[in-house]
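The following exercises concern one structure, shown below. Each task is followed by a worked solution.

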Amino acid sequence: MLLVAAVLVLAGPALAQEGGEAYRDFPIVGSRVAIWVIAQLHLLFGAFVLAVPLFAVTIEYMGMRTGDQRYDDLAHEFTRLLTMAFSTTAIFGAMLLFMLLGLYPKFMSYLSSIFSATFLPYVLLFFGETFSLYIYYYGWGKLSPRVHLSIGVLLNVIGILVMMVANAWVTFMTSPAGIDDSGALVNVWDAIANPTWMPINIHRVIANVAFGGSIAGAYAAFNFLTAKTDEERAHYDWMGYIGNFVAIVALLPLPFAGYYLGREIYAFNQQMGITMMGGVFSWLFIVQAVLIGALFLAANYYLWLGMARIEGAERFRPAIKYLLILLTICLMIWATPHSMVASLEESRKMGGAHHPVLGFLGVMSAKNTAVNLMILTTYISFLLYRRGNRIATVAWARSGNIAQVAIFVGAAAVVIFLGVYGYYVEASVRIGFSVPQVGAVLFAMIAVTVIDAFLFKDCRETGGIRWGEISPRSQYALLLLAISFTWLMGLMGYVRSGLRQHWHVYGVVRDTSADAFTPTLGYATMVVSVTVLIFFAFLVFIFWLSRLSQKQAYRAQS
Amino acid sequence: MNVPLKIVLFTLAVTGFYTYVGAIVPQMEAHPPKSTEIGADMGPVELAATGKEIFFGKGTCALCHTIGGKGERCPDLEGIGRRAASRIEGVSAQEYLAQSMYQPNEYVVDGYQPTMPNISRAPIGLTDGEIIAVVAFLQNEGGEITVTPATRFEAAGEAGSQPVARTEGEGPLDALAIIKKYNCEACHDLAGAERRLGPPLHDIGARQTRAQILHSIVEPDAEIAAGEPPYTPGLMSATLMSTGFYDTLTLPELTALVEHLASLEGGE
């Protein structure tokens, strides 16, 4: 497989230059949809194989520090999923390359002329990733723990580098740099480090962790729901909790990374930024709001249900309804469109496309406020969960709690004040408010976490956590998280590519094929849904294989 | 119902719900813009009507500009036909409008950022004829249409669809020529203390060493000058890059520029 990939990558430029055709057709669905689906599947599996080592190594390290064997076993179990997913990622990667060379030969020829210098390093990195992965997996329990952990760290470093090389190719298509007016290469490093490269790198690493955590959570949920013993249920309940924890921790800073990416897109080309937020794709962000709202609700719901199995957590139950109300209100604000879909008569009654009342909630000031409050609310849910069976015993416990509440209230006040004040200032000033809003929330999360760490040092426990005794509904919340994350990645893939509109490389290589138009959101969501279902079909197969490898030998069974 | 089947149905239901949400929002299909042929016999009215189509279509001008709105992102263009002749002294309305499309950063309206691209280049890529039509449309906004399909703009000849680059064999420019060529004074006041998009530089020689001045030119984002409201990070580097400053300036020219700035000490 590796050899095939290496030969393809190295031979790609030569293959691509042959023949004079710019495009070739793919039967039935057409070239664009074929590439779209395969690229998205490659990305989804790629995200999974990049994310799992990140938290497998972290969990292994926690096992080393605490001496708790469960962490080590969990990290090993995550890694078992990885080996099979890695092969699947490579297969889809090879398919993508074959299809691009065959269906878009001229475009690939151009891209090769820019990035040929990166191909050999990419292949070498790919080899490095493969070897370190297999040493990491097969060396479990056989290498010294420190050496093993170091291999895991190496695996992560190489994995991220592989992603960064591939990101350079993709982001160059959106924000080309390092070329002259005719599109010829001037400086390959400038082409790599194009304006959206680093924002995408950061956004993808964080998003991959969130996605990987949710998929690991879904694996645990699947196993929990089909478990036959209490012991199995307890194990997969705990695994699901860890998966959800990883997903939430990565989900919280994700909007900030998205904001950074959006800002860089605006800085590169204001028109592209406006097309993204106010043009053809403006309604996509309403769909995105529904998805992210579902993610936040599912993550919080899981934590609330999880508190039922923590002895002592019942004292926090009354707070849940207020958190739910706040989340729901924020979600409704975020999903409020700026302009309404209305009949002519309704539009006349409203006096335009904007609803006289709800229209005020459809603007950036309201949405920024809502998403920041949703992040704060989720963080509070997590904090209550963490405190479920703990009581602080330090002398300054009361003042510590008061300080935490004051920080939350202060952060919320800053977010709300700037949100409201944003209605009274010019757009150029309003846009700048996002930074202090985000800063206040980040500060609150970090400050409260630090206080909490000291507050609950040597705390008193009111009881244990009854792992396995959680409502099955919680497992469907985990599945909802995984499906929503996957679907969201597909949707954002559509907008990232769609931003280029009728350009393969924005402003440089024009798309002259029959597909040189941006399809409707309805069409795109159909393609995304089909891709998501194919992905989960493959994933179930991988889960099944993982379970199969744990079964006793056939002869021993009989 | 067995659990795996429940999970499959749940997955289908969630995916189906999201597909449904995607299907109920307004559906727009964006097609690539088509070039418009400007006939030699087009009269002013027809030319302005064609320009209007290009303004709201291929030109994508309406993404940023309004006509009769607040002009939050870029200037509102209501009545621009009347104002255009008085924007720059000695520049006619039609030349000013053409310059704002071919060389948009030559003159930036107060209170706005130099964010407009040269629309004769990709990705917008209006043809000379299409730009004539847009000029006609804008002149028609409160002014008189003076352009015809045969009009040739000076601005198109100067920068047009060519990058900012020096002619072969041309010697190094002196500091004042560089300042003029890259329009430094659009953002910096070199003669007085006026705050523009960037800080005034009339006394920069008294405040900074040559090394600091050089550093500010080569890496403008390394340290942003203090100001209230704060200056925009990235603006200077983006502007200079878009004009080809870093690609075309020679070392002797850079030295001359630094020397000149170092000589500005705020005196009369």
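**Exercise 1.** In which loop of chain B is Pro123(B) found?

Solution. Pro123(B) is found in the loop between H4 and H5 of chain B, where helices (H or I, at least four residues) and strands (E, at least two) are DSSP runs numbered from the N terminus. A cis peptide bond joins Ala122(B) to Pro123(B), with omega about 5°. Most residues other than glycine have a negative phi, and most peptide bonds are trans. In chain A, Asp458(A) has a phi near 55°, a positive value in a residue other than glycine. Asp458(A) is found in the loop between H17 and strand S2 (460-461) of chain A.

The model is predicted: local features need pLDDT of at least 70, side-chain atom pairs count only at pLDDT 80 or more, and totals for chains, interfaces and linings use all residues. Residues are numbered from 1 along each chain as its sequence is written, chains are lettered from A and ligands numbered from 1 in the order in which they are written, and side-chain values use heavy atoms, with hydrogens and water left out.

**Exercise 2.** Describe how H14(A) and H17(A) are placed relative to each other.

Solution. Begin with the axes, which are lines fitted to C-alpha atoms, for helices over the stretch in contact, with angles from 0 to 180 degrees between N-to-C directions. The axes of H14 (residues 364-387) and H17 (residues 434-455) of chain A come within 10 Å and cross at roughly 5°. H14(A) is therefore roughly parallel to H17(A), a term for angles under 35 degrees.

Next, consider the residues in contact (heavy atoms within 4.5 Å). Those of H14(A) include Asn368(A), Ile375(A) and Tyr379(A), and those of H17(A) include Gln437(A), Val441(A) and Asp452(A).

Finally, the residues of this contact are sorted by class: 10 are nonpolar, 6 polar and 3 charged. Here Ala, Val, Leu, Ile, Met, Phe, Trp, Tyr, Cys and Pro count as nonpolar, Asp, Glu, Lys and Arg as charged, and the others, Gly among them, as polar.

**Exercise 3.** How many cavities of 30 Å³ or more does the structure hold, and what lines the largest cavity?

Solution. A cavity is a set of points, on a 1 Å grid over the protein atoms alone, where a 1.4 Å probe fits but cannot get out; lining residues have an atom within 4 Å of a point. The structure holds 4 cavities of 30 Å³ or more.

The largest cavity has about 500 Å³ of space, a volume being the space filled by probe spheres set on the points, which are joined across faces, edges and corners. Its lining has 32 residues, with His65(B), Cys74(B), Pro75(B), Ser100(B) and Met116(B) nearest the centre. H4(B) provides the largest share of that lining, 4 residues. By class, the lining divides into 22 nonpolar, 9 polar and 1 charged.

**Exercise 4.** Which helix gives the most to the lining of the second largest cavity?

Solution. About 40 Å³ of space lies in the second largest cavity. Residues lining this cavity include Met364(A), Asn368(A), Arg430(A) and Gln437(A). H14(A) gives the most to the lining, with 4 residues. The lining has 3 nonpolar, 5 polar and 1 charged residues.

Notes
Parallel < 35°, antiparallel > 145°, perpendicular 65-115°, else oblique. 1 Å grid on protein atoms, 1.4 Å probe; cavity = no way out; pocket = protein on both sides within 12 Å on 5 of 7 lines; lining within 4 Å.
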